[in-house]
Amino acid sequence: MKENEVPQDKGNLSKSNMKELTIALSNAIDEINERIATAKEQVKKGEVSPIVYFMECSKMDIAVLSSYVGMWQWRVKRHFKPAVFAKLNDTMLQKYAETFNISVAELRNFKTD
């Protein structure tokens, strides 16, 4: 059979659908960037610990982060508090640093400038 004798299915990826996908992807990226900027500002104001910023940069949520570091979600949320974060030992910070692919020093001394 020849190609022109067989009905051709254009599939779901027509030009109009590709445009919609591109718009959706662009919106999702904008939302991620907005969440990162918000987290950075919260860290700068002392409202949350740097864990929140690096979690957003890594495109994680609390459930994913807690599974990576092997802790309960309530415990990870507790580490979001700057006062609690300041008391974390190097072993605990190492779990977060490995998850975010940074050093403990970078996590502990995060600067928002």
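The buried residues of helix α6 pack against α2 (50-57), α3 (62-69), α4 (73-78), α5 (82-86) and α7 (104-108). Helices here are DSSP runs of H or I with at least four residues, numbered from the N terminus; buried means under 20% relative accessible area, exposed over 50% and partly exposed in between, computed with a 1.4 Å probe on protein chains only; and contact means heavy atoms within 4.5 Å. The model is predicted, so that local features need pLDDT of at least 70 and side-chain atom pairs count only at pLDDT 80 or more, while totals for chains, interfaces and linings use all residues. Residues are numbered from 1 along each chain as its sequence is written, and side-chain values use heavy atoms, with hydrogens and water left out.

Helix α6 spans residues 90-100, and its buried residues are M92, L93, Y96, A97, T99 and F100. They cover an arc of only 160 degrees around the axis, which places them on the same side of α6; the arc is that of the directions from the helix axis to the C-beta atoms. An α-helix has 3.6 residues a turn, so residues three or four places apart point the same way. On the other side of α6, T91 and E98 are exposed.

Both ends of α6 have a local feature to examine. At the start of the helix, a side-chain oxygen of N89 comes to within 3.2 Å of the backbone nitrogen of T91. This is a polar contact, defined as a pair of N or O atoms within 3.5 Å; within protein, one must be able to donate a hydrogen and the other to accept it, and residues adjacent in sequence count only if both atoms are side-chain atoms. Just after α6 comes N101, with a positive phi of about 65 degrees. N101 is found in the loop between α6 and α7, and it is exposed, with a relative accessible area of 71%. Most residues other than glycine have a negative phi. N101 is not a glycine, yet its phi is positive.

K59 provides another case of this kind: its phi is near 55 degrees, a positive value in a residue other than glycine. K59 is placed in the loop between α2 and α3 and counts as exposed at 59% relative accessibility.

After α3 comes G70, whose phi is positive, near 70 degrees.

Leaving aside neighbours within four places in sequence, I51 is in contact with L65, H79, F80, F85, L88, Y96, F100 and L107.

H79, one of the contacts of I51, is placed in the loop between α4 and α5. H79 counts as buried, at 3% relative accessibility. With its neighbours within four places in sequence left aside, H79 is in contact with S49, I51, M71, V84, F85, L88, M92 and Y96.

Charged pairs complete the picture. The structure holds 2 salt bridges, a salt bridge being a side-chain nitrogen of Lys or Arg within 4 Å of a carboxyl oxygen of Asp or Glu. E56 forms a salt bridge with R35, the closest N and O atoms being 3.0 Å apart. E56 lies in helix α2 and R35 in helix α1 (residues 15-45), so this pair ties together parts that are 21 residues apart in sequence. E56 counts as buried at 11% relative accessibility, whereas R35 is partly exposed at 39%.

D90 forms a salt bridge with R108, with the closest N and O atoms 2.7 Å apart. Since D90 lies in helix α6 and R108 in helix α7, the pair ties together parts that are 18 residues apart in sequence. D90 is partly exposed, with a relative accessible area of 45%, and R108 is partly exposed, with a relative accessible area of 40%.

Methods. Helix = DSSP H or I, 4+ residues; strand = E, 2+ residues; numbered from the N terminus.
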